[in-house]
Amino acid sequence: MSSTDDLARLAAVIESRKPTNGGDPEQSYVARLLHKGPDAFLKKIGEEATEAVMAAKDADHGGDRQKLVNETADLWFHCMIALAHYNLGPGDVVAELVRREGLSGLEEKAMRKVRQREIDPDAV
């Protein structure tokens, strides 16, 4: 089984925990976050991103690299909850990464700015 299969399976579990799909906020952490709304899971994404950064900095100085794996897993998990809320999934993220394959990161970022200006001419 591939990593994308594993992510798809986890995404299906998250989807099943949505309150609209019968997820019980009293029984499920995912259902509770989704029930509370975007502020709850977006706050968790910010917290987990900070913890992943701190774990990476610690790993630079001989700290436990497994902690970086653990914190990144927490970050990805909470991002997957956000994706589910917006009716997206890991396949959408993988498709975007594949689309970018072979592009210079600097070139791709510049192209995003051009596309944003086409959408919103008043954008900075």
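Residues are classed here as buried when their relative accessible area is under 20%, as exposed when it is over 50%, and as partly exposed in between, with a 1.4 Å probe and protein chains only. The structure is a predicted model, in which local features need pLDDT of at least 70 and side-chain atom pairs count only at pLDDT 80 or more, while totals for chains, interfaces and linings use all residues. Residues are numbered from 1 along each chain as its sequence is written, and side-chain values use heavy atoms, with hydrogens and water left out.

The secondary structure consists of six helices and zero strands, where helices (H or I, at least four residues) and strands (E, at least two) are DSSP runs numbered from the N terminus. In sequence order the pattern is α-α-α-α-α-α. The chain has a radius of gyration of 17 Å, well over the 14 Å that the globule rule gives for 124 residues, so it is more spread out than a compact globule. This radius is taken over C-alpha atoms, and the globule rule is 2.2 Å times the number of residues to the power 0.38. Along the principal axes, the C-alpha atoms fill a box of roughly 45 × 40 × 35 Å. Of the 124 residues in the chain, 21% are buried. With contact defined as heavy atoms within 4.5 Å, 45% of the contacts between residues at least 6 apart in sequence join residues at least 24 apart.

Helix 2 spans residues 29–36, and its buried residues are Val30, Ala31, Leu33 and Leu34. Viewed down the helix axis, these buried residues fall within an arc of 165°, so they line one face of helix 2. The arc is that of the directions from the helix axis to the C-beta atoms. His35 and Lys36 are exposed on the other side of helix 2. The cover over the buried residues of helix 2 includes helix 1 (3–16), helix 3 and helix 4 (65–85). At the start of helix 2, a side-chain oxygen of Ser28 comes to within 3.3 Å of the backbone nitrogen of Val30. Gly37, which follows helix 2, has a positive phi, near 100°.

His78 is located in helix 4. With a relative accessible area of 5%, His78 is buried. A polar contact of 2.8 Å joins the side chains of His78 and Tyr29; such a contact is a pair of N or O atoms within 3.5 Å, and within protein one must be able to donate a hydrogen and the other to accept it, while residues adjacent in sequence count only if both atoms are side-chain atoms. Leaving aside residues up to four places away in sequence, His78 touches Tyr29, Leu33, Lys44, Ile45 and Glu48.

Six salt bridges are found in the whole structure, a salt bridge being a side-chain nitrogen of Lys or Arg within 4 Å of a carboxyl oxygen of Asp or Glu. Lys44, Glu47 and Glu48 are linked in a network of these bridges. The side chains of Lys44 and Glu47 are joined at 3.3 Å, N to O, and both residues lie in helix 3 (residues 38–60), three residues apart, about one turn of the helix. In the salt bridge between Glu48 and Lys44, the closest N and O atoms are 3.4 Å apart. Glu48 and Lys44 are four residues apart in helix 3, and are therefore separated by about one helical turn. Lys44 is partly exposed at 21% relative accessibility, and Glu47 is partly exposed at 30%, whereas Glu48 is buried at 5%.

A salt bridge also joins Glu96 and Arg99, with the closest N and O atoms 2.6 Å apart. Both residues belong to helix 5 (residues 90–100), where Glu96 and Arg99 are three residues apart, about one turn of the helix. Glu96 is partly exposed, with a relative accessible area of 27%, and Arg99 is partly exposed at 37%. Asn87 lies in the loop between helix 4 and helix 5. The phi of Asn87 is near 55°, a positive value in a residue other than glycine. Asn87 is exposed, with a relative accessible area of 60%.
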